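Q: I would like to learn how to read the packing of helices and the contact between domains in a model such as this one. Could we go through it feature by feature?

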Amino acid sequence: MYGGEREVHVTDVPKPSITGSGEALVKVTLGAICGSDLHIYHGNIPISPGKVLGHEFVGVVEDVGAEVKRFKPGDRVVSSFFTSCGLCALCRKGWFNQCVNKATFGFGEYYGDLGGGQSEYVVVPLADHSMEPIPSGISDEQAIFVGDILSTGYFGAERAEIKPGDAVAVIGAGPVGLMATMCAQLFGPARIFVVDMVDSRLEVAQELGGIPINAKEVHPVSTIQEQTGGLGADSSIECVGVEAAVDTAIRSVRGGGTISMVGVPSVVTGEFPYLDIWLKSLTFRAGWCNVQAYMRPLLDLIAAGRIRPDVIISHRMKLDQAAEAYRMFDAREATKIVLTP
Ligand SMILES: [Zn+2]
Ligand SMILES: [Zn+2]
């Protein structure tokens, strides 16, 4: 649970139970720490100490409310990191992440005050629309990321409008950047440049078919331009959220190209190169993932062996070690940490 800035505690809390007819109680079998959990860890999210953290989890249904139709006790499930109703005007338009009834797991009062998945049990409201069953043969480690970072990587790649033969620049090789690299491959690019400053992460990017560019050693924009005949990449996927990374994402694409930003912004406002974007006729897309639309197809891609999201897991730890896990992830000593209760 959140214990205040840079403090995570492991403690016993009462077992949650379902109170609404559309809810499911899930016994968590695997949780993960996400980059956006670090925004909480750094004290940048309005959340009270004592709240259970975690929004990436899989588990087994233990109890369901009377109106839950798709799930029964014993079902293995993966949940989206947020809930959606499937019935409101924006859900009916397919924008589940804009659902008027949405709430986010483990993110405190301001984001709907749901429980967290870095725990033994979590209650999932609007369960029929917020969870997917895990097909048999898919492990927890393979399934967990469809609820957030794998869907986000796919969303970023899809909105980059990658065409066969394209050159793509992925900015950031953290968990989301690695997922974006993996998903970009599904669209048939000739080359994917991956920019980061951490060698261990760039090594994973290379294993996924990316061309690593270490921004500590070379200037990423000029390196991408040199390797594309001076033009720049056809599209870029921004997976960090800091201004310098957004700037690199914009500058590394050619005229007429597309920038797809999925990194969680670390500032509310900032410099934006309106004139450059206009002069180069660029398309700039930004947003957080519409997860519920992607969970099913991504589980099918995993089942078919087309993608292997679990390759990014660098550390497997027990929930009891959560405080140390947060410290390691924050220090970039780990690429991705999963926690078993
Ligand atoms: Zn996340
Ligand atoms: Zn809705």
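Q: What covers the buried residues of H5?
A: A residue is buried if 20 or more other C-beta atoms lie within 10 Å of its own, exposed if 12 or fewer, and partly exposed in between, with C-beta atoms placed from the backbone. Helices (H or I, at least four residues) and strands (E, at least two) are DSSP runs, numbered from the N terminus. Here the cover of the buried residues of H5 includes H6, strand E11 (233-238), strand E12 (253-261), strand E13 (283-286) and H11. Because 10 of the 11 residues of H5 are buried, this helix is largely enclosed by the rest of the structure; among the buried ones are Ile-149, Leu-150, Tyr-154, Phe-155 and Arg-159. Just after H5, Glu-161 takes a positive phi of about 55°.

Q: On what kind of model does this rest, and how is it numbered?
A: The model is predicted, with local features needing pLDDT of at least 70 and side-chain atom pairs counting only at pLDDT 80 or more, while totals for chains, interfaces and linings use all residues. Residues are numbered from 1 along each chain as its sequence is written, and chains are lettered from A and ligands numbered from 1 in the order in which they are written.

Q: At what angle do H5 and H6 pack?
A: Two packed helices are described by the angle between their axes and the distance between the axes. Axes are lines fitted to C-alpha atoms, for helices over the stretch in contact, and angles run from 0 to 180 degrees between N-to-C directions. Helix H5 (residues 149-159) and helix H6 (residues 175-184) pack at about 55°, and their axes are 7 Å apart. That makes H5 oblique to H6, given that angles under 35 degrees count as roughly parallel, over 145 as roughly antiparallel, 65 to 115 as roughly perpendicular and the rest as oblique.

Q: Which residues of H5 and H6 meet?
A: Two residues are in contact if their C-beta atoms, placed from the backbone, lie within 7 Å. On the H5 side, the residues that meet H6 include Ile-149, Thr-152 and Ala-157, and their partners in H6 include Val-176, Met-179 and Cys-183. By class, this contact of H5 with H6 has 11 nonpolar, 3 polar and no charged residues, where Ala, Val, Leu, Ile, Met, Phe, Trp, Tyr, Cys and Pro count as nonpolar, Asp, Glu, Lys and Arg as charged, and the others, Gly among them, as polar.

Q: Which domains does the assignment give?
A: Domain bounds come from an automatic or database domain assignment. For this protein chain the assignment gives domain 1 (24-148 + 291-340) and domain 2 (151-286), and their centres, taken over C-alpha atoms, are separated by 26 Å. In the contact between them, 16 residues of domain 1 meet 15 residues of domain 2. The elements that give two or more residues to the domain 1 side are helix H1 (35-41) and helix H11 (295-303), and the largest share, 3 residues, comes from H1.

Q: Is Phe-57 buried or exposed?
A: Phe-57, placed in strand E2 (residues 56-64), counts as buried because it has 30 C-beta neighbours inside 10 Å. Leaving aside neighbours within four places in sequence, the contacts of Phe-57 include Val-28, Leu-30, Ser-79 and Ile-144.

Q: Is Glu-5 buried or exposed?
A: Glu-5, which lies in the segment before strand E1 (24-32), counts as exposed because it has 11 C-beta neighbours inside 10 Å. Not counting residues up to four places away in sequence, Glu-5 touches His-42 and Gly-43.
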